[in-house]
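Here is a briefing on a single chain. Read the points below against the sequence and the 3D view.

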Amino acid sequence: AIAQEDFRSLDADRPLKVTDAYPKKYLEWEFQFGLQGGWTERGQRSLEGLVALETGLFRNFEIGAGLQVATEPDAVSTTNGIESLEFEALYNFRHEGWTWPAVAIQAGAEAPTGSDLSREDWAWGVDLLLTRSFANRFRIHVNGGYALVSEVDGDNYWRGGVAFDIPMGFSSRLIMGDLYAEIPADTGPTRTWAELGTRVQVTNLTVIDLGLTTRLDEWSRGLANVRVVMGFSRVFGIGGLVRVPDYPNPRIR
């Protein structure tokens with residue numbers, strides 16, 4: 001059962017923006033790859049991708065790093081580049097109990113890369129994560145936080161969302177959905193998303209995910225706003241980092 005539980009992890013953008021309050025296991029490593037594709041307001045296709053590596057550095061503490069890449073078409077050509085280099089850390093300081101949810105704090109940073117699609121300045125963020133189970137199957141997740149962003153990259157904003165997930169029988173498949181919003185700290189329209197997706201455990205170590213996401217605030221502007229999200233993750237260990245005690249050699253009498 002332990003080998004088949006990775007499909008229950010809610011990693012950011014895999015495929016929802018909302019994540020759960022649980023870090024990676026101690027000394028477990030996970031490689032993630034994800035793609036998100038859609039259409040621009042001119043009807044041209046756009047593509048975004050994420051390559052990330054995360055590990056449980058200590059018990060209840062996770063760190064990770066990743067590259068955010070993108071393809072942006074215009075009337076003449078298509079520009080490809082790395083948008084940002086991302087870092088994150090998550091610490092769970094309360095496990096779920098009979099009457100309280102699991103509670104974690106996640107902090108992250110995004111660094112510019114100097115490419116044509118790169119952000120201009122560093123960005124920082126911190127979020128409170130809550131996860132609560134019901135009947136040991138259905139789960140609710142609540143995220144809320146704040147992002148410090150330069151004015152040229154969009155300015156500071158509050159962010160948060162609520163999500164659900166539920167496993168489908170004994171198929172190692174998770175169905176999930178969320179509502180997520182980003183609210184500018186000063187002025188500007190609120191950005192809202194609705195998302196629905198699934199995560200499927202295809203081997204003991206590999207999970208694939210698939211989802212649909214839409215910008216609800218763009219419906220009134222008549223813009224194409226439905227995007228497809230897909231990706232996979234694979235967990236592994238590094239033997240040299242795990243201390244295994246010597247097996248005793250009993251004497252034969």
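Y146 is partly exposed, at 23% relative accessibility. Here buried means under 20% relative accessible area, exposed over 50%, and partly exposed in between (1.4 Å probe, protein chains only). The model is predicted: local features need pLDDT of at least 70, side-chain atom pairs count only at pLDDT 80 or more, and totals for chains, interfaces and linings use all residues. Residues are numbered from 1 along each chain as its sequence is written, and side-chain values use heavy atoms, with hydrogens and water left out.

**Aromatic pairs**

- The model holds eight aromatic pairs. Rings of Phe, Tyr and Trp (its six-membered ring) pair if their centres lie within 6.5 Å; planes under 30 degrees apart count as stacked, over 60 as edge-to-face and the rest as tilted.
- W29 and F236 form a stacked pair, because their ring planes meet at 20°, with the centres 6.3 Å apart.
- This pair links distant parts of the chain: W29 sits in strand β1 (residues 29–39) and F236 in strand β12 (residues 226–236), 207 residues apart. Strands are DSSP runs (E, at least two residues), numbered from the N terminus.
- F236 is partly exposed, with a relative accessible area of 36%.
- Y146 and W158 have ring centres 4.5 Å apart and planes at 65°, so this pair is edge-to-face.
- Y146 belongs to strand β7 and W158 to strand β8, so the pair ties together parts twelve residues apart in sequence.
- F31, F33 and F232 are linked into a cluster by ring pairs.

**Barrel and strand pairing**

- Twelve strands close into a barrel, in the order β1-β2-β3-β4-β5-β6-β7-β8-β9-β10-β11-β12, with antiparallel pairing. From one strand to the next, the twist averages 20°. The angles run from 0 to 180 degrees between N-to-C directions, and the axes are lines fitted to C-alpha atoms.
- Two strands pair if DSSP finds at least two bridges between them.
- β4 and β5 are antiparallel and share nine bridges. A89 has A107 in β5 as its bridge partner.
- β5 and β6 also run antiparallel, joined by nine bridges. Q106 stands opposite D127 in β6.
- Nine bridges join β10 (residues 191–201) to β11 (residues 206–215), again antiparallel. R199 faces D209 in β11.

**Salt bridges**

- The count is 17 salt bridges. Each is a side-chain nitrogen of Lys or Arg within 4 Å of a carboxyl oxygen of Asp or Glu.
- R119 and D153 meet in a salt bridge at 3.9 Å, N to O. R119 lies in the loop between β5 (102–111) and β6 (123–134), and D153 in the loop between β7 (138–148) and β8 (157–167), so the pair ties together parts 34 residues apart in sequence.
- R119 counts as buried at 17% relative accessibility, while D153 is partly exposed at 25%.
- E28 pairs with K25, the closest N and O atoms being 3.5 Å apart. E28 is buried at 14%; K25 is partly exposed at 33%.
- R191 and E182 form a salt bridge at 2.9 Å, N to O. E182 is buried, with 14% relative accessibility.
- A network of salt bridges links D11, K24, E30, E54, E62 and R199.

**N92 in its setting**

- N92 lies in strand β4 (residues 78–94). N92 is buried, at 1% relative accessibility.
- The N92 side chain reaches the backbone nitrogen of R94 at 3.3 Å. Such a polar contact is a pair of N or O atoms within 3.5 Å; within protein, one must be able to donate a hydrogen and the other to accept it, and residues adjacent in sequence count only if both atoms are side-chain atoms.
- Beyond its neighbours within four places in sequence, N92 is in contact (heavy atoms within 4.5 Å) with A21, Y22, P23, N60, A102, V103 and A104.

**Backbone details**

- Most residues other than glycine have a negative phi, and most peptide bonds are trans.
- R14 and P15 are joined by a cis peptide bond, with omega about 0°. P15 is in the segment before β1.
- L27 has a positive phi, near 65°. L27 is also placed in the segment before β1.
- D155 has a positive phi as well, near 75°. D155 lies in the loop between β7 and β8 and is partly exposed, at 24% relative accessibility.

Technical notes. Helix = DSSP H or I, 4+ residues; strand = E, 2+ residues; numbered from the N terminus.
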